[in-house]
Amino acid sequence: MTLRPESGGAALTVEDRGPGIAAADLGRLFDRFFQAPRAREKNTGLGLGLYIVKGLMEAHGGSIAVESPPGQGSTFRLWFPAARPAEAA
């Protein structure tokens, strides 16, 4: 994990060294109820976790993205906007 300042906010990057995510699944990874074949085989979860994370990030003005070269693990990047100064009352 790394956290660094980046263009008006901060970027949190989380990397793993797992088997990666199939290219065909990357475009649907943040869809509601989507489960990659490996997750379906394990019969765990509902396919809502990443969908909820994306919704929360966007609701706060941030974003989430993923890269996963075949066989090389995955990198999730979350961008959080800087806090706005409180307005004087």
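I count two strands as paired if DSSP finds at least two bridges between them. Strands (E, at least two residues) and helices (H or I, at least four) are DSSP runs, numbered from the N terminus.

I am working on a predicted model, where local features need pLDDT of at least 70, side-chain atom pairs count only at pLDDT 80 or more, and totals for chains, interfaces and linings use all residues. I number residues from 1 along each chain as its sequence is written, and side-chain values use heavy atoms, with hydrogens and water left out.

Entry 1, the sheet. I looked up the strand order and found an open, antiparallel sheet of four strands, β1-β2-β4-β3. β1 (2–6) and β3 are the edges; each has a single partner strand, so one side of each has no neighbour in the sheet. From one strand to the next the twist averages 20 degrees.

Entry 2, the partners of β4. I find seven antiparallel bridges between β2 (residues 9–15) and β4 (residues 75–81). Ala10 stands opposite Phe80, and Ala11 has Trp79 as its bridge partner. β3 (residues 63–67) pairs with β4 over five bridges, also antiparallel. There, Ser63 has Trp79 as its bridge partner.

I located Ile52 in α3 (residues 49–59). Ile52 counts as partly exposed because its relative accessibility is 44%; the class lies between buried (under 20%) and exposed (over 50%), with a 1.4 Å probe and protein chains only.

Methods. Axes fitted to C-alpha atoms, helices over the stretch in contact; angles between N-to-C directions.
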